[in-house]
Amino acid sequence: MLKLAAAAVLVLLLFAVPTLAAEEPYLIHVLVLCCLYAIPAVGLNLMLGYTGLVSLGHMGFAGIGAYTAAVLMVDAGLGFWGALAAGLFAAAAAGAAIGAVCLRFRSHFFMIVTLAFGLMLYAVMNNWDDVTRGAAGFPGIPRPGPLGPLSFASLQNFYYLALSAALVAFLVQWRVVRSDFGRILMALRQDERLSQSRGVNAMFYKTAVFALGSALAGLGGVLHVSFLRVAAPPTFSFAESINIVLVVIVGGAGALAGPALGAAVYVGLPEYLRVAAEWRLVLFGVLLVLLMRFAPRGIAGLVADGWQRLLRRSP
Amino acid sequence: MSAFAVRGLVKRYGGVSALCGCSLEIDAPGIYGLIGPNGAGKTTLFDVVTGITEPDAGSVTIDGREVTGVVPHRLARLGLARTFQECRVFPEFTCLDNLMFAPRVAGNARGAHAEAMRLLDLVNLAHFADESAATLSFGQRRLLELVGVFMLRPRILMLDEPAAGVNPALLEVLSAFIGRMYEERPCLFLVVEHNMEFIMSLAREIVVMHEGRVLERGSPEAIQSSPRVMEAYLG
């Protein structure tokens, strides 16, 4: 109950940021970026954190969603919302199809195969000039069309959209984790063979969560290119796939709030504090080692432990 | 029609034949002990029957239905339940959630709660219902795993060394529990075991495996005095 209230206050605060800090458009820009990373991170958290599937090609699926929507909007003249739905569907379908192949492998073999597919998807985005416009990027992607009286042309309103989308992603995650479906995912992470012997069709559930995770990646991808007004392959590169893995792990894999905390610390903080680009990697290398050593459950784990200690101290 | 039958099972690993024409038919329900010296093929037989590995030749049938090579989750739905030699539980789930897992997967969790609590109580784990399984001792984990398979309402139970690593006090609980469950639902229990005292007092019939085949079967008394079995064990 207390947790729910805290989450509600936090969400209200986040929605109030544009009014509270009206003279700081850069802060809002950074918060939008956080949302754009948190959304695919939620998808990966369901796969990596809850099911134990470490995918190293996650942003490739965000790219499938993004480029599908881009082509439909720019070349086919479809509206944003239709293109968003199509992008989500394309990412989910690709996730199910490619997932069905990757999931024939386990543990580090699975990781390598997802890495290979991520690189392949990147190569397609980078080289299929006729459709994706290749390495030069895909320009002219429109911001979302107005929804009733609400237009998303301004930074402030786009922030509301990105925040709402992130909220939807987190609600989906919450629903899944509390369902029997989510319980089966967690069981698969703990012991796949035992789960199977108790009647779980492991391949079906793992493919399903791969598709769901990819759909969420697609949602993030479509919003990302709509925000930047251009789709470029580096947004969906191998480095970005690694970044999203780090967002999940730094935030706390298998924790509901993990992707939000990870995005805030891993994407938001360095961007806002403008740490020089090269030093950022060194700094995060050190931070990651420290985190692995002292907080293997990520920031969410640290927060949970602190909370427990606080509760024990005040009877 | 046999409740359980394997015919002519062959399984080779490289140049080693773990099973060479292993056949076994069991018609009547009961607790059957499966014993044999190391390397006799007990575990391979288990793996083939429970769908973990496919045999090179031969067949497995349950109630006359061919199930050779059927994957584990489908076997579970057909009523074949198993425990693991290395003892497997979901360490992060509570004891109660460990038991409720199978009913949840099958989509009939609603009525299962009372049964889960009753079974936990039978093995003195009721007060651990809301504790995570990781907090249990090894022997208690064995009990939890064993209790868990009954939530599947199985028709055939395959228990892989249920007594291994269990201390004498818990062993009595375990033995009593298996006996009690057999009285409640007389189905087919196939128990691989190295603890002779345990299995001889529990089983009504003993099947001895040796060099990838069934060497002999009979009552515990007959097996204990069989010269062939003695020779297989002592070489």
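## Overall form of chain A

What radius of gyration does chain A have, and what would a compact globule with 315 residues have? The model is predicted, and in it chain A has a radius of gyration of 19 Å. A compact globule with 315 residues would have a value near 20 Å, so the two agree. The C-alpha trace of chain A spans about 55 × 50 × 40 Å along its principal axes.

Chain A contains 14 helices and two strands. Of its 315 residues, 47% count as buried. Among contacts in chain A between residues at least 6 apart in sequence, 75% join residues at least 24 apart.

## The largest nonpolar core

The largest nonpolar core has 168 residues, of which Cys35(A), Ile39(A) and Val191(B) touch the most other members. The element that gives the most to this core is helix α2 (residues 25-50) of chain A, with 16 residues.

Leaving aside residues up to four places away in sequence, Cys35(A) touches Ala162(A), Leu163(A), Ala165(A) and Ala166(A).

## Helix α6 of chain B

Helix α6 of chain B, residues 168-184, has 17 residues. From first C-alpha to last, α6(B) reaches 24 Å, close to the 24 Å expected at 1.5 Å a residue.

The buried residues of α6(B) are Leu174(B), Ile178(B) and Met181(B). Because these cover an arc of only 70° around the axis, they lie on the same side of α6(B). What covers them includes α5 (138-150) and α7 (196-202) of chain B. The face of α6(B) turned away from the buried side carries exposed residues, including Pro168(B), Glu172(B), Arg180(B) and Glu184(B).

Key
Residues numbered from 1 in each chain as written. Chains lettered and ligands numbered in written order. Predicted model: local features only at pLDDT ≥ 70, side-chain atom pairs only at ≥ 80, totals over all residues. Helix = DSSP H or I, 4+ residues; strand = E, 2+ residues; numbered from the N terminus. Expected span 1.5 Å × (residues − 1). Buried ≥ 20, exposed ≤ 12 C-beta atoms within 10 Å, placed from the backbone. Arc of directions from axis to C-beta. Contact = placed C-beta atoms within 7 Å. Core = buried A, V, L, I, M, F, W, Y, C linked by C-beta atoms within 7 Å. Rg over C-alpha atoms; globule rule 2.2 N^0.38 Å.
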